[in-house]
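The sequence and the model come before the details.

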Amino acid sequence: MKLAAIGGGSTAIELALPMAKPAHGAPIRTLNSIDVPLGASPLPAALNVYYDNLVKLLQPSAKNKVALNNVVTPADIYSNTNFYDQYIFRTFVDRLVVTSPENYTLGNANVSSAYSYYWIILLERAIADIDISLDSPAQNQIDEMDRQIGDLRDKYSKVKLDLETRWNAFAQAAGIDAKTDKYYIFKKKKFADDGGYATQLSGIRHDIALRLTKQMQIRLKSVGDNEEDRILISTYQYASFDEYKELLPIIPDFEKNDGLSASDLTNLAVTGASGQFESGMDIRPVGDLRNFFGNTSGKNSIGIDQSSTYEHNHDSEWGVSASGGWSWFSASVSSDNESHIRESMSDVKKVTIGWANLASVAVRRGRWFNLDILGYKRIAKILKNDPRLKGQLSRTVSSLVLMRGLSIILEFNNASSLERWQKSTFSGSAGVSIFGIGFGGGGSSYDYDWSLQKDSSKKTVTITDDPNYARVAAFLSEPVISGVSAEDIAYDFVEPRYYNDSTIEKLKVRGGTK
């Protein structure tokens, strides 16, 4: 491996690739990885100019702040997949957004990055606090419901396993292949219906729901007229019970290829098609995301050069030092192109970011998200004892900022800088990224292409997305808890002693069929 110095302290890494020979017999050329931060670019203030323009375009309320992705990441939504689009939307906006910029890409999403995950932790602790204050008969009744729920969950798992085992054997004997048979899931559903599995599974889920409801009734009766506790119990129910969750497809095929309706999708999901549906919190866009593809923006570009000014300073408003680390250029190119591409990116006079449509899509959360509880006595005690949880819950995503039909125009001082700019120069697996906007190189399941055009007279290179290719540009982040510091967010939590571990362990099995 060879390291070579680049201006501004960045490095290029020369990767020694196997000398395999293509059909024409010539060896594959070595690729050099170039990664130049914004601070080493001709336009070091570009992030602040970009941020300032977004703030002015979006006009967030005084409470909201514009939080940036560290890349303008793909959002794989389509104009004909309403429910799949809602799944993508839910996955993006159910995030902990406590700083900017951050890696909010879809590939970086997991349970521990979801805002709702920590919200449920908060509610579980509140319910545990309520439970240990109940009298012995009430606690015994709740424990008995827990035992019955555990038995029902075991039964549910066994029915599911029996269904999968018998279906796999049947499908193999009949030559039904999930990869090649477009009707695979429908055939599996018919098999489950004919075998009575769908009825059994629905019945078990119903029985679990009855016992969970019984637990809630026991708690409500025990707390009497304590209004805060009654609302906490109800909010926990909305947050944890399956019947209040939204089941959405995590692949676009059902709607994109088969045109299935909501009821069709629900019926398919009953038999538990593995890896094709996901149950999650009731989080939806305000409005129909499909309209995003038909609408266009008013102002549709941001031009940035050395004379650009800004009123909103990203780092000052977020209390971070991020601008210098923002990416200016990243690509893997052959060694004979490296010097020219590096020099051309140092010769950029102006960069213009354009789009066909930019929209701020507001978030609507269901009854599980009751902000009033943050002022309740039990909640205040929990958050006081756990500053980190308080920090993680301190901000929510109020809107998702989407762009489509994105373009980048690079204007150079010298026409000679255009010489090596062509798609084939960046045909490696990583593609090319300019100002945190990647073209090519994966990161999306959307089947699309991008174009690169040169204009020698204007000394410009224009890179353009497919007009229907959507990306997440930013989030609007709203504070819901005040007085949170950076130290709170980084605080190392130690479990407080005001409730016992056995109560928390019991709570882990409550809340819905897993």
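Two strands are said to pair if DSSP finds at least two bridges between them. The model discussed here is predicted, and the pairing described below is read from that model.

**Overall content**

The protein chain has 15 helices and 18 strands. Of its 514 residues, 48% count as buried. Among the contacts in the chain with a separation of 6 or more, 81% are between residues 24 or more positions apart.

**The five-stranded sheet**

Five strands make up an open antiparallel sheet, in the order S8-S10-S13-S17-S16. Strand S8 (301-305) and strand S16 (451-455) are the edge strands; each has a single partner strand, so one side of each lacks a neighbour in the sheet. On average, and with direction ignored, neighbouring strands of this sheet are turned by 15 degrees against each other.

Within the sheet, strand S13 (residues 407-412) and strand S17 (residues 460-464) are joined by five bridges in the antiparallel sense. Ser-407 has Thr-464 in S17 as its bridge partner. Helix H1 (residues 46-58) packs on this sheet, where it touches S8 and strand S10 (348-354). The direction of H1 makes about 150 degrees with that of S8.

**Strand S18 and its partners**

Strands of a sheet pair through backbone hydrogen bonds, in either a parallel or an antiparallel sense. Strand S18 (residues 470-479) is mostly covered, with nine of its ten residues buried. S18 pairs with strand S4 (residues 65-74) and also with strand S12 (residues 395-404), as the table sets out.

| Strand paired with S18 | Sense | Bridges | Residues standing opposite |
|---|---|---|---|
| S4 (residues 65-74) | antiparallel | six bridges | Lys-65 and Ser-477 |

**Helix H3 against helix H7**

The axes of helix H3 (residues 115-131) and helix H7 (residues 227-240) come within 10 Å and cross at roughly 135 degrees. H3 and H7 are therefore oblique to each other, and H3 passes H7 in a left-handed crossing. H3 contributes Trp-119, Ile-120, Leu-123, Glu-124, Ala-126, Ile-127 and Ile-130 to the contact, while H7 contributes Asp-229, Leu-232, Ile-233, Thr-235, Tyr-236 and Ala-239. Sorted by class, this contact has ten nonpolar, one polar and two charged residues.

**Helix H4 against helix H5**

Helix H4 (residues 136-174) packs with helix H5 (residues 184-194) at an angle of about 120 degrees, and their axes are 11 Å apart. H4 and H5 are therefore also oblique to each other. Here H4 passes H5 in a right-handed crossing. From H4, the residues in contact are Leu-163, Glu-164, Arg-166, Trp-167, Asn-168 and Phe-170. They meet Tyr-184, Lys-187, Lys-188, Phe-191 and Ala-192 in H5. By class, the contact of H4 with H5 has six nonpolar, one polar and four charged residues.

Arg-153 has 13% relative accessibility, so Arg-153 counts as buried. Arg-153 and Ile-208 lie 55 residues apart in sequence, and their C-alpha atoms are 7.8 Å apart in space.

Conventions: Residues numbered from 1 in each chain as written. Predicted model: local features only at pLDDT ≥ 70, side-chain atom pairs only at ≥ 80, totals over all residues. Heavy atoms only, no water. Buried < 20%, exposed > 50% of the residue type's maximum accessible area, 1.4 Å probe, protein only. Helix = DSSP H or I, 4+ residues; strand = E, 2+ residues; numbered from the N terminus. Axes fitted to C-alpha atoms, helices over the stretch in contact; angles between N-to-C directions. Parallel < 35°, antiparallel > 145°, perpendicular 65-115°, else oblique. Left-handed = near helix turned anticlockwise from the far one by under 90°. Contact = heavy atoms within 4.5 Å. Nonpolar A, V, L, I, M, F, W, Y, C, P; charged D, E, K, R; others polar.
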